[in-house]
Amino acid sequence: MAIDGLSESLVGKKVSVQTNNGATFEGVIYAFDQKQSCLTLFDIGSQSNKARQSFKMFNTSYVTKVTPLDSGSESHLSEYFRKGELPKINTEKIEERARAAREKREGAMGVDVTIEAQDVFDAIERTLKCTWDGQTIVILDVVELRPPYRLDDLKARDDSNNTRSTNTLEHVKKILRDREHRMKQ
């Protein structure tokens, strides 16, 4: 499907892109691939804030109109990129995010636990923060679930009957009942 105003000749030009839901984006066309139905727009942000620069990718089937914002024939990409270079990427920030995700994933993996135990942990962790203490699942530091991970194996960590423990116990019971119900089906 042809889109009003979109052609390969616009690569490097400042444009306004309108989507079928009415949203409008402005930037420089970085790439356009008609066969893949892909348009990449370099969002230049404010000139004073280089950290706000980003790319937006569009499936062209959702683009309704592309309007050039200037009439010049020169490419604006050279204003933002040296030849053959992409913008600088903060690798420290990416590595920190990867490390944090890895630590979170490793903390969610039980050691020497059954597949069923890990499934129970994963089901609870979707809504409540929990950790492993050996083979015991500790939920919000107030409730624990011991093997074989049934309703009868659930108890408050301390003997106090506070609201947080009670609410957490009820929530975990509901999760376990729902899980049992799904397993029977």
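This is a predicted model: local features need pLDDT of at least 70, side-chain atom pairs count only at pLDDT 80 or more; totals for chains, interfaces and linings use all residues.
Residues are numbered from 1 along each chain as its sequence is written. Local features need pLDDT of at least 70, side-chain atom pairs count only at pLDDT 80 or more, totals for chains, interfaces and linings use all residues, and side-chain values use heavy atoms, with hydrogens and water left out.

View 1. A salt bridge here is a side-chain nitrogen of Lys or Arg within 4 Å of a carboxyl oxygen of Asp or Glu. Side chains of opposite charge can pair when their charged atoms come close. Helices (H or I, at least four residues) and strands (E, at least two) are DSSP runs, numbered from the N terminus. An α-helix has 3.6 residues a turn, so residues three or four places apart point the same way. Arg99 is partly exposed, at 31% relative accessible area. Glu96 is partly exposed too, at 40%. The cut-offs are under 20% relative accessible area for buried, over 50% for exposed, and partly exposed in between (1.4 Å probe, protein chains only).

**View 2. Glu116 meets Arg150 in a salt bridge.** The N to O distance is 2.8 Å. Glu116 belongs to helix α3 (residues 115-125), while Arg150 lies in the loop between β8 (143-145) and β9 (154-156), so the pair ties together parts 34 residues apart in sequence. Glu116 is partly exposed, with a relative accessible area of 31%. Arg150 is also partly exposed, at 36%.

**View 3. Asp133 pairs with Arg157.** Their closest N and O atoms are 3.6 Å apart. The pair links distant parts of the chain, 24 residues apart. Asp133 is in strand β6 (residues 130-133), and Arg157 is in the loop between β9 and α4 (163-184). Asp133 is partly exposed, at 46% relative accessibility. For Arg157, also partly exposed, the value is 37%. Both belong to a network of salt bridges that also links Glu144, Arg146 and Lys155. Across the whole structure, a search finds 10 salt bridges.

**View 4. Helix α3 has buried residues that pack against other elements.** Ala117, Gln118, Val120, Phe121, Ala123 and Ile124 are buried in α3. The buried residues of α3 pack against α2, β6, β7 (136-139), β8 and α4. Contact means heavy atoms within 4.5 Å.
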